[in-house]
Amino acid sequence: MSVCHILREDPELAEAVPWPERRRAVEDCIARIERLSRGQWSAQGGAVVSDGIGLLVLDGLLLRRVGIDGRYGAELLGEGDLLRPWQRDDTTAALARSTGWRVLEPTRLAVLDEAVARRLAVYPKLIGRLVGRAIDRSRHLAVNMAIIHQARVNVRLHMMLWHLAERWGRVGSEGVLLPLALTHAVLSDLVAARRPTVTTALAELYRQELVRDLPRGWLLLGEPPGELLVAQGAGIAES
C-alpha cells in the first residue's frame with residue numbers, strides 16, 4: 001500500500017497550520033494513495049470512504065460529466081480538489097440523471113478516510129482550509145453556468161479557456177499558457193455545445209488570433225474577456 005504525507009504534497013494546505021506546529025503536522029498527516037489510469041473511472045472500488053472526508057486530488061486531471069435527457073454538463077477537477085464521487089442522490093432526485101467520471105491524465109488521490117480525518121482534526125485550521133476547497137469548487141461551477149449561458153459558442157470557449165487558465169495557466173512571453181490537452185469532445189461538454197460546433201468556434205478564435213492550439217495545451221493571447229471578469233465576480237459574491 002502506497003502512502004503520502006498530505007501536507008508535503010499540498011503546500012498550500014500546509015500553510016493553514018501555524019509555523020510552530022507545521023513540522024509535526026507534516027509528519028502526522030499521512031494518507032493512503034489511490035492511483036488512477038486514463039479512461040473511464042467508477043468510484044465504487046477501493047477508494048470509497050464512507051465515514052471520512054473524501055478524496056483529495058494530489059495531481060492529475062478528471063472530468064465529471066452529468067446528463068439529463070441526453071444533454072450533458074461537465075466540470076474539470078485537478079490538484080487540490082475534494083471529491084466524494086460515490087455519494088449519490090439519484091434515489092431522491094426529481095429528474096433522472098446519469099453521472100460519469102473520466103480520467104484525462106494519470107491521477108493520484110489521497111484517501112481521507114475516518115482515520116485521516118482524526119489526524120487532521122488535531123489541526124482545526126486544516127479542516128477549515130478543506131471546507132474552503134469545497135466552496136471554491138462551487139464557485140467555479142457558478143462561473144461555468146454563467147459561461148454556458150452566453151449565446152455564441154466561440155464566446156463560451158474563449159471565456160472557458162480563460163476561466164481554466166485562472167487556475168492552471170502560466171504567464172509566458174507570448175501570452176498565457178494553459179497546459180491542458182483538452183480534446184474538442186471534452187470542450188464540447190464544458191461549454192454545452194456539439195463537437196462540430198466547437199470545432200468551428202475554435203477556428204474563429206484562431207482567425208481572430210485570440211487562441212493558439214499547442215501540442216500539449218493552449219496559448220491565450222491578449223486580455224481575458226471583460227464579461228468573464230464580471231461572471232467571476234458574481235460567482236464569488238453570491239457564494
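Two residues are in contact when heavy atoms of theirs lie within 4.5 Å. Keep that in mind as you click around this model, which is predicted.

**Stop 1: His158**

Select His158, which you will find in helix α6. Now show what surrounds this residue. Setting aside neighbours within four places in sequence, the contacts of His158 are Leu205, Leu210, Val211 and Pro225. Is His158 buried or exposed? Its relative accessible area is 10%, and buried means under 20%, so His158 counts as buried.

**Stop 2: the whole chain**

Zoom out and switch to a cartoon view. The chain has 9 helices and 11 strands. Of its 239 residues, 42% are buried, and His158 is one of the buried residues. Next, think about how the chain meets itself. Take the contacts between residues at least 6 apart in sequence: 73% of them join residues at least 24 apart.

**Stop 3: helix α4**

Select residues 114–121, which form helix α4. Which residues of this helix are buried? They are Val116, Ala117 and Leu120. Turn the model until you look down the axis of α4: the buried residues fall within an arc of 105°, so they line one face of the helix. An α-helix has 3.6 residues a turn, so residues three or four places apart point the same way.

Now colour the partners of that face. The buried residues of α4 pack against α1 (6–9), β2 (30–36), β7 (98–112) and α5 (124–148).

Then look at the N-terminal end of α4, which is capped by Asp113. A side-chain oxygen of Asp113 lies 3.3 Å from the backbone nitrogen of Ala115.

**Stop 4: Glu114**

Stay in helix α4 and select Glu114. With a relative accessibility of 40%, Glu114 is classed as partly exposed. What does Glu114 touch, if residues up to four places away in sequence are not counted? The answer is Asp51 and Gly52. Try the distance tool on Glu114 and Gly52: the two are 62 residues apart in sequence, yet their C-alpha atoms are 4.1 Å apart in space.

**Stop 5: the cavity**

The structure holds 1 cavity of 30 Å³ or more, and the largest cavity has a volume of about 160 Å³. To get there, select Leu76, His140, Asn144, His163 and Arg167, which lie nearest its centre among the 13 lining residues. The elements that give two or more residues to this lining are β5 (71–78), α5 and α6 (153–168). By type, the lining of the largest cavity divides into 6 nonpolar, 3 polar and 4 charged residues.

**Stop 6**

Finish at the second largest pocket, which holds about 340 Å³ of space. Two elements to colour here are β5 and α7 (184–190), as these are the ones that give two or more residues to the lining. Which element gives the most to the lining of this pocket? It is α7, with 3 residues.

Among the residues lining the second largest pocket are Arg65, Arg71, Tyr72, Arg102, Ser188, Asp189, Arg194 and Arg195. The whole lining of this pocket divides into 4 nonpolar, 2 polar and 6 charged residues.

Technical notes
Residues numbered from 1 in each chain as written. Predicted model: local features only at pLDDT ≥ 70, side-chain atom pairs only at ≥ 80, totals over all residues. Heavy atoms only, no water. Buried < 20%, exposed > 50% of the residue type's maximum accessible area, 1.4 Å probe, protein only. Helix = DSSP H or I, 4+ residues; strand = E, 2+ residues; numbered from the N terminus. Arc of directions from axis to C-beta. Polar contact = N/O pair within 3.5 Å; in protein donor to acceptor, adjacent residues only side chain to side chain. 1 Å grid on protein atoms, 1.4 Å probe; cavity = no way out; pocket = protein on both sides within 12 Å on 5 of 7 lines; lining within 4 Å. Points joined across faces, edges and corners; volume = space filled by probe spheres on them. Nonpolar A, V, L, I, M, F, W, Y, C, P; charged D, E, K, R; others polar.
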